[in-house]
Structures are given as C-alpha cells and as structure tokens.
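The following exercises concern the architecture of a two-chain model and the contact between its chains. Please work through each task with the structure at hand before reading the solution.

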Amino acid sequence: MLKLLKIEWNKIYYYKATRIFTFIYFLILILIGVILAFIKPTIGGVKLDIAKLGMFNFPEIWQNITYLVAIAKIFIAVIIITNITNEYSNRTLKQNLIDGLSKKEFLTSKILTNVVFASFSTLFVFLICLVLGSVFSTSEGAMWKGIEYVGAYFLKLNLFFSICIFLAILLRKSAFAFLGLIVLWMGEAVISLCEFLIKAWMNKGFENVDPNGFFLSHYLPLNTSSKLIEIPSLEVSGFVLGGSIFNFTPVKWEFCMVAILYSVLFLFLSYYLLKKRDL
Amino acid sequence: MEINNLTKKFGRLTAVNDLSFSVEKGNVYGLLGPNGSGKSTTLGMILNVVNPTSGTWKWFGKEPSNESLKKVGAIIERPNFYPYLSAEKNLEIVAQIKGADYFKIEEKLKLVSLWERRNDKFSSYSLGMKQRLAIAAAMINDPEVLILDEPTNGLDPQGIIQIREIIQQIAAQGTTIILASHLLDEVEKVCSHVVILEKGKTLYYGPVDEMTASYGFFEVGAADKLALKNLLESLPYFEKVMELNGHLKAILKEDLSAESLNKIMFEKGMVLNHLVKRKESLENQFLELTRNNY
C-alpha cells in the first residue's frame, strides 16, 4: 500500500503541471472561503452581506459550502485523467506491468490517489466550514448538525473520480475522456428531460408533475452526484423578514448508497477493462 | 522458462500458433523472424501484457505471476519512461515496483554510462541514451533472465556497438538473455541458441551452429581458374563448385579441413593464391530456412 503511494507520489508530484494545479486547487478551496467571508459586493445599490443572509449559519453552512466548493473538483478530475491517459500514451503502464506490477496493484495505486485527493479536499472543506461557522454563525443551532454533508462531499468526490478513472481507462486519450464526461453529462440531462416530458404527458400537463417527486433519472451516475449535495433551498420570506434565507435540508441517504454502489461499479468495470485488454 | 502450445489470435489473424520452446539458464537465445512473425506478441504474453488465446508458460518452473516478473528484466520495442522525470526518478519507480534497493540505481546508471546525466529529464535524452537507460532499468534487480526486443532498432552505428557491448558484458556474467531481433548478424554475434519464428510457428529451435547440416564451403583462387574448377569438380568432396566474386566457391558435402585441401591441391600440382574455409552466415541459413517454408 505504502509502496503504491510512493510510486504514485513520484509520478504525480514531480510532474510540474499536476503539482501546480494541485496547489491552485487547494488555494481555490481556501480562497472560496476567504472571498465569501470578506467580499461584500453592492448589487443595485444594496450592499450584499452573505453572512447576514445566514449563509454561514449552522447547520446550513455545511450544505452551502460543500455545494459551492464541489465545483472545483474538476481540477482534480483533470489531474486524474491526464495521470492515467499519460500512462497509456507514454506506454509506461505496459512497462510497469512488465516490471512486475500487477494490474490490480496498478488500479489500486490510482484509487489510492483518488482517496488521498478526496480526503485532503474533505479535510480542507471541513476546516473552512468550521472556521467560517464559528466566526459568522448567528444561529443558536447545534454546530455538528448537518455535518453529514462533509461525508456526502467525500462520497461525491470519490464517485466523480471513479467515473474519471473509468473514462480514462476506457478511452485512453485525455481529450476523449473529457469528451466522454461531457457526453455523460449531456446524456443524463437529455434522459432527465425525457423522463420529465413523459411524466407530463402521462399526467396531462406540466403543472401536474411534482419536480420534487420521484424520478428514475435522478439515479444516473452524475445526477446521483448532484443529488448528494443539492442546491441549498432558499426562502424569500426569510430575506423579507431580515433573517436567514437558507433552509436546511438533510442529506438523502438513498443517494449516498447509490453513490457508493456506482463508485464500486465504475472501479470494477475499470478493472475488467484493464484485465481483458492487450497492451 | 518454458512455453507450451502458446497461441494468440487477433480476430481472424493467428499471430502465434501453437508455439513451444524452453530456455535454459545461462544461455543467450536469439528469437528470430521477419517483421510480423509473432516475436513481440510471444514476449508480450510471457510478460503479462498480452492475454493468450490458449497455452501455458512457466517462469523458473512455477506458474507465472507478477512476482516472477520481478526477477526478469525486459525491454520491449522502445524505451518506455515518464518523459517529465529524470533518469534517477524513473529508475526509482522501477526499483519500487521490483523491490530493489535504491543504491542499485547508481550502480546500473554507471554500467550504461548515464550517471553523469542522471538528473536530466528523460525527454532530453537521445534515442541511444534512452535505450541504455532501458537496459539499466531492466538490470536494476540483477534479473536472472533479460529479455530484449529489438534493442538496437533505430540506433546509429555507434549506439548499436554500445548496446551490443553492454549485452555481451551482461551475458558474460551468466545472465540468461532472450534477444528478439530481425538483425541476423546481431544475433549471430551474441547468441548461442536460436528460435526461428515464421507466421507464428517455430521453424527451428536449437544451437546456432547446428542450424543447418552443412559442412561449410571453401573460397579458393588460383592463376588458372578453369583448371582449378575442373580439378575441384573431379574431387569427391564437393557438392557444387561455382564462381563467386572472382574466386571459386566449393560447397562441401563432407567434412574436410583447409589444410587437407591445400595438401591435395599441392599434390595435384595446383598452387592456390587464395584459400578460406567458411560456414554459411546465419543470414543465408535463415533465408534458406524461411524459403523452404513457402
């Protein structure tokens, strides 16, 4: 295990581009926290202080911050995809295997990399939430309520990175792996739209479809990822009353389960591809 | 190492067809064959990167696993390294995989004279240097078997000589070497045994000097060429006498030393100005073998 991590360290850390982008990634995580706390833009003559809107109140802060910060995961996705596709284009995967690394060990080393990136990101996000919350939270609510969003964030990253590993191994070229990601994303959007239209047709009218109801398409891989940490729900009444506009919604556990299943499935498929293909 | 009935099919094409041979410790084997005869596929299979359609093989008398590959050093077609890493870092990765100590890195880089350039990126190396680094990587764990697939492909004459010297140096230490090549003089210079492949089948397998049953031939010359030719043809030792590059080439059908021939000639009153005994080159033997197959 330690051996595999050491090998990965040499492969990733000494590659200038990945080193710089990893650095930028963690900088962005911190910057998001700093900007949210100290930048108070004036929009239409109204000074917008998000802290006053209840953005950093426990327990909503856990959902708000993990939701915002999750966008930055694309940085790590790029690093993971190029790291794997480079192994194909430099033929170092072939050489690693010839040198005596097993295919299982190779995949394990990549999964370990994912878990390390996801763990550090989660730790950063946890600390950011904790610091911002303790400074700005105005609510009386218990601090640890809603902390499961940090766990959901960890699962979300692992699911996304597993999809990246799978696409990189499947397509072997970084550009195509990214295209694959876009195709998957658009494909899921189209399927979701179709399901919505079918429901509307069956219920005779769009107004009869409950957007918060059950949709099978929510359980597609990337949709599951976005369902893990949903857009924080807002209440305009809170703004009018001058209080918090955010509404706490707990993590939906069924999506956590589905996310774990998908992560395992994608990694298993990656192993199958690796095993079956000639190099 | 032994291979039994190994077969690989790519769709309708059979790249390796029911191949069997074994490799004994301490010998240098040449794996010969024209391009596309299945050399690289065979090596790919025993090195775990190509899945065989059927057949088995053993390393060191055991079922193959990635552990046995740690005792094997191999270079396939072209050197594969991380271009953005230095030679030393690249070898660190290989050493980690093979479980070799880091102090071996210095020893092996010195063996291939790259120690001075150890901190330079792999991408800045010339092809010859890359190939030498590949040899250092393959040697990092002092393997029992070294597999080289076309190690001098694309190198300039100087690079070829450097690689060949390194191979001979390694062979002298008692390492078993399997050298795949289509360059026959290369195989002839370093190998003791050969396996000849053609369309995925074994054409010949055995020691280099027993490849053909021929006794070799003489190259002879004299002032009166016609008389010499008649005289040679009247002797019972030769299968055929023909002209070749200004001399006569007399192909033996039984064993005869140059000394005896000279003596016979002298007794018959013929004075030779040229006499050389030769074996057919590996190249000719190889062409002979592959031609017979068509």
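**Exercise 1. Overall description of chain A**

Task: State how many helices and strands chain A has, and determine what percentage of its residues is buried.

Solution. Chain A of this predicted model has 11 helices and four strands. Along the principal axes, its C-alpha atoms fill a box of roughly 70 × 50 × 35 Å. Of the 279 residues in chain A, 38% are buried.

**Exercise 2. Helix α1(A) within its own chain**

Task: Classify the packing of α1(A) against α6(A) by angle and by handedness.

Solution. Step one is the geometry: α1(A) and helix α6 (residues 103–136) of chain A pack at an angle of about 70°, and their axes are 9 Å apart. Step two is the classification: angles of 65 to 115 degrees count as roughly perpendicular, and α1(A) is therefore roughly perpendicular to α6(A). The crossing of these two helices is right-handed.

Step three identifies the residues. From α1(A), the contact takes Leu4(A), Leu5(A), Ile7(A), Glu8(A) and Ile12(A); from α6(A), it takes Glu105(A), Thr108(A), Ser109(A), Leu112(A) and Thr113(A). By class, this contact of α1(A) with α6(A) has five nonpolar, three polar and two charged residues.

**Exercise 3. Helix α1(A) across the chain boundary**

Task: Explain why α1(A) and α3(B) count as roughly antiparallel, and list the residues that meet.

Solution. Helix α1 (residues 2–13) of chain A and helix α3 (residues 87–98) of chain B have axes that come within 10 Å and cross at roughly 165°. Angles over 145 degrees count as roughly antiparallel, and this class therefore applies to α1(A) and α3(B). Their crossing is left-handed.

On the side of α1(A), the residues are Lys3(A), Lys6(A), Ile7(A), Asn10(A) and Lys11(A); they meet Lys89(B), Glu92(B), Ile93(B), Gln96(B) and Ile97(B) in α3(B). Sorted by class, the residues of this contact of α1(A) with α3(B) are three nonpolar, two polar and five charged. Ile7(A) takes part in the contact with α3(B) and also in that with α6(A).

The contact between the chains takes 22 residues from chain A and 23 residues from chain B. On the side of chain B that touches chain A, α2 (66–69) and α3 of chain B are the elements giving two or more residues. The largest share of that side, seven residues, comes from α3(B). By class, the side of chain B that touches chain A has 14 nonpolar, five polar and four charged residues.

**Exercise 4. The six-stranded sheet of chain B**

Task: Give the strand order of the open sheet of six strands in chain B, then decide whether β7(B) is largely enclosed or left open.

Solution. The order is β5-β6-β7-β3-β8-β9 (chain B), with mixed pairing. The edge strands, β5 (72–75) and β9 (201–207) of chain B, each pair on one side only. From one strand to the next, the twist averages 10°.

Next, consider the pairings of β7(B). Strand β3 (residues 28–32) of chain B pairs with β7(B) in the parallel sense over five bridges, and Gly30(B) has Leu179(B) in β7(B) as its bridge partner. Strand β6 (residues 145–149) of chain B also runs parallel to β7(B), joined by five bridges; here Leu148(B) stands opposite Leu179(B). Helix α6 (residues 157–172) of chain B lies across β3, β6 and β7 of chain B, running at about 150° to β7(B).

Finally, five of the six residues of β7 (residues 176–181) of chain B are buried, so this strand is largely enclosed by the rest of the structure.

**Exercise 5. The four-stranded sheet of chain B**

Solution. Four strands form an open antiparallel sheet in the order β11-β12-β10-β13 (chain B). Strand β10 (residues 217–222) of chain B pairs with β13(B) over six bridges in the antiparallel sense, and Gly221(B) has His274(B) as its bridge partner.

Note on methods. Residues numbered from 1 in each chain as written. Chains lettered and ligands numbered in written order. Predicted model: local features only at pLDDT ≥ 70, side-chain atom pairs only at ≥ 80, totals over all residues. Axes fitted to C-alpha atoms, helices over the stretch in contact; angles between N-to-C directions. Parallel < 35°, antiparallel > 145°, perpendicular 65-115°, else oblique. Left-handed = near helix turned anticlockwise from the far one by under 90°. Contact = placed C-beta atoms within 7 Å. Nonpolar A, V, L, I, M, F, W, Y, C, P; charged D, E, K, R; others polar. Pairing = 2+ DSSP bridges. Buried ≥ 20, exposed ≤ 12 C-beta atoms within 10 Å, placed from the backbone.
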